[in-house]
Every structure is written in structure tokens, then in C-alpha cells.
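Student: I am new to this structure. Could you show me how to read its features, one at a time?

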Amino acid sequence: MTLPPATAFSDDLLTMAKNLDTESLSRVVALRDWLVTIAARMEDANEVLTGFLNRLIDMGLPVDRAVSAIEALHTEYAGIGRFWTREEGTVVRYLPHGDRREAIYQASPFAYVNRTGEWLILNLDETPDDLFAVIPELKEAGYRQYVTVPILFTNGAENAISFATRTPGGFGQRELTILRMVMPSFALVTELRATSNRLDQVLRIYVGDDPHKAILSGAIQRGQVTRIRSAILFADMRDYTHISSTLSPESAVELLNTYFDCLVPPIEDEGGEVLKYLGDGVLAIVRDKGDDTGGAAQSALTAATNALRRIEAANSEGRFPVPISVGFALHHGDAAYGNVGSGQRLDFTVIGRDVNLASRIAELNKRLGEPLLMSKPFVEHLWGDPAPLGAHAVEGFAEAIEVYRP
């Protein structure tokens, strides 16, 4: 099936403006101003799309359906689709990673306009059903014309938005001119928002929720330190070096991901934050809430015990190449964020005596045959009555450290 030619337009703003009456032109200017001043700063992307479409409708454009697809840099999905209709408003769909999604995209109108760089305008009464998979769906819903517009970002990301109308005759010359004049501003705002979201997501993924906020707020000078009073949780897989020595790099990564899937959700369920992945280790905190230090300690203990149950279940289900074990250390003190490094390359890392102590207590797990150990400062904040296991020497600390088990 031969695709219809994409529709090219003049980019001459003056030429387009001459095709509009004075009132329409003033409303176009107002919409462009709204996009770059107000919409660019709105928190909810759904409100941006809805506000944009409602303003087009107020200008007389018979938009009955709109769909946008914007690429995303996220571990769990490849893009975000927003589906808007007059009847249902906006529905968000997260577009998955994978070959299936890519195959569907490549056969879609969105991929077509991104390849050509031009608009695609289809009068559906004259469009064969097998041109694109969406065509029969559009016809069945009563739409008469379908317009797809590419949104190409400066970084090469391919995005698009489509508009459909049930009005006989579709969008007229005035309506298409209005769209042509406002779409550059819509594309600019979309890219600004997407770029900001990408930066936010990448920082959150790699340094954690609170550190990424600190970095975005300007905490990027070397030597800056922020202390957070909290329950500190350190987890470490036993014999990882021996286990991974027989695995391929891909299998070792799969092992770690399955392992972290057992550890991280219980921590986050209890309001904790994972600050660092340290090879096969995890460093996390549960912040104190005012004077209620017992709540943070209890949450950290609950997270650790739930994670141990998940590890046990995964072992019994055969989800690891060999059964694994993990040691948890719980301590209470200061988790200090600090910028360390040299020149233009810094690391936003967690440092300090209390963090070091938590990691050293984790080394006692194997020696004492205990999956979960707690320091004296930690148990002082607990409501229960843990069992003492005596004081033990740990590397780097002159005094013996008292440890307990639940």
C-alpha cells in the first residue's frame, strides 16, 4: 500500500498570519504566550495538554480526539502516551520497552511523520483501512479527519501528536493555519518539560530521591556536606564473589537484579530511601521524624525482616542460580551526604562514621551466624527487647561494638 504524501507547509510566519482574521491572529498570539509562560511551568502534564486542547476548541477548532506520544528516559517504560477525548478527558498510558512496542511504532502514523518531518492529513472517508492499524478504530468511532504532527526534539528524540475530528469536512484552512502557528510553541514547551523530566528522572535513578533534589537545588560544590539523622540499613550478600565467579556477566547482573528486587521494595514500603548500591550491597536510611526516632528504627527493622522473608521465598522458588543468604546491619546515627572528587568530576556519596559502622557490623553477620544484627544506638530507639550478643571488635574502630539480634 502506497502511503499518501506528507503535507508540507510554509514556515513563513508572516504568510500564515495574513491568512487569518485579526481576532483569530490575536488569539493565536495569546495561546502561544500561554504555552511558553504558564504551561511551561505547570506541574501536571495532563493539565498542559487539556488546557492546550480546550483553548483550540474555544478558537473554533473541532478537536474531538488527541493523542501524544513522548519519549521518556525511564527504567520501566520507553515513553508516555496521553489519550484525550471530549467524552473521557485525558488517559495516560506508559509505553513499554521492547521489540513489540518498537514494531508497533514503526508501522504507525507517528513513525511516518517523524521519518518525513512533515504533517500527515488523512480524510478518513478516502483512507483504506489497512493503511495504518488505527484507521479502522478511528472510522468506527465516527472520526472524519486525522492529522498527525511530528515533534522532533533537538536531541533527536522522535515524538508526535495527532488530532481527529468528527466534523464533516474536517479541519478547514483556518483551523490548519492556527494549528501550524501554535505547534512550534507547543513543541518547544513539550521539549523543555521533557528535558527537565529526563534530568529529574536520571538523577533520581542514579543518586536517589533526596540527593537528586539537593543536586537540582544547587548542592554541587565540592566539600558540601548535609547530615541526616536516621536509622541506617546496610545489606550485603554472602559469598557473592564466589557465586558470581561461575556466572557470565549477564547472569551476574540478573542475579543482582533479582536480589535487589527482594531488598528494595520492603525498604521503600517502610518509607526508606536507598542511597547507594555498593556492588552486592545496599545502603539505605529511614529518616527520623522529629523526636519520633523509634518510628524510624521500627520501620528499618520491619524492612529488613520483610526483605529476609523475600530472600527465603526466592530461594525456595529457585529464582537464584544457587541459594543465597544476606546479612543486614541496622544502626542509628548520621547519614552524611557529601560531594567528593576532583575537578569537574564529583560523586554525590554517603560518608561518615555511622555509615562506616553500619558496614562493619554487616561483616559480623557471617562471623556470628546471624542474618540481622543491630547496634546499641539502634536498639535504644526500639520498642521491643532485643537479645544481646556481646561486644565485638570491628575493623577501623578502637572500641568493641555491642550488637543485638531481634
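Tutor: Let us begin with one residue. Gln-145 sits in strand β5, which covers residues 145–152. Keep in mind that this is a predicted model.

Student: Is Gln-145 buried or exposed?

Tutor: The test is relative accessible area, and buried means under 20%. Gln-145 has 5%, so this residue is buried.

Student: Which side chain makes a polar contact with Gln-145?

Tutor: Look for paired N or O atoms within 3.5 Å. Here the side chains of Gln-145 and Asn-123 are joined at 2.9 Å. Setting aside neighbours within four places in sequence, Gln-145 is also in contact with other residues, including Ile-121, Leu-124, Phe-163, Thr-165 and Phe-171.

Student: Where is Thr-85 found?

Tutor: Thr-85 belongs to strand β2, residues 79–85. Its relative accessibility is 18%, so Thr-85 counts as buried. A polar atom of the Thr-85 side chain lies 3.1 Å from the backbone nitrogen of Glu-88. Not counting residues up to four places away in sequence, Thr-85 touches Asp-64, Arg-65 and Tyr-143.

Student: Which residues of α2 are buried?

Tutor: They are Ser-24, Val-28, Leu-31, Trp-34 and Leu-35. These residues lie on the same side of α2, because they cover an arc of only 125° around the axis.

Student: What caps the N-terminal end of α2?

Tutor: Asp-21 does. One of its side-chain oxygens lies 3.2 Å from the backbone nitrogen of Glu-23.

Student: What does Phe-52 contact beyond its neighbours within four places in sequence?

Tutor: Phe-52 lies in helix α3, residues 45–58. Its relative accessible area is 0%, so Phe-52 is buried. Its contacts include Leu-31, Trp-34 and Leu-35, three of the residues named as buried in α2. Phe-163, Val-182, Met-183 and Phe-186 are in contact with Phe-52 as well.

Student: How many residues does the largest nonpolar core have?

Tutor: A nonpolar core is read as a set of buried residues joined through their side chains. The largest has 40 residues. Among those with the most contacts inside it are Leu-233, Tyr-259, Phe-328 and Met-374. Several elements each supply at least two residues, including β7 (225–237), α10 (249–269), α11 (293–316), β10 (326–342) and β12 (372–375). The largest share, 10 residues, comes from α11. Apart from this core lies another, of 38 residues, among them Trp-34, Met-42, Trp-119 and Val-189.

Student: How do β7 and β10 run, parallel or antiparallel?

Tutor: Strand pairing is read from bridges between strands. β7 and β10 run antiparallel, joined by 13 bridges.

Student: Why look at alternate residues in a strand?

Tutor: In a regular strand, side chains alternate between the two faces of the sheet.

Student: Which residue stands opposite Met-374 in β14?

Tutor: Tyr-404 does. Strand β14 covers residues 401–405, and β12 pairs with β14 in the antiparallel sense over two bridges. β13, residues 387–392, also runs antiparallel to β14, with four bridges. Ala-387 stands opposite Arg-405 in β14. Met-374 is in contact with both Tyr-404 and Arg-405, among others.

Terms used
Residues numbered from 1 in each chain as written. Predicted model: local features only at pLDDT ≥ 70, side-chain atom pairs only at ≥ 80, totals over all residues. Heavy atoms only, no water. Buried < 20%, exposed > 50% of the residue type's maximum accessible area, 1.4 Å probe, protein only. Arc of directions from axis to C-beta. Polar contact = N/O pair within 3.5 Å; in protein donor to acceptor, adjacent residues only side chain to side chain. Contact = heavy atoms within 4.5 Å. Core = buried A, V, L, I, M, F, W, Y, C linked by side-chain atoms within 4.5 Å. Pairing = 2+ DSSP bridges.
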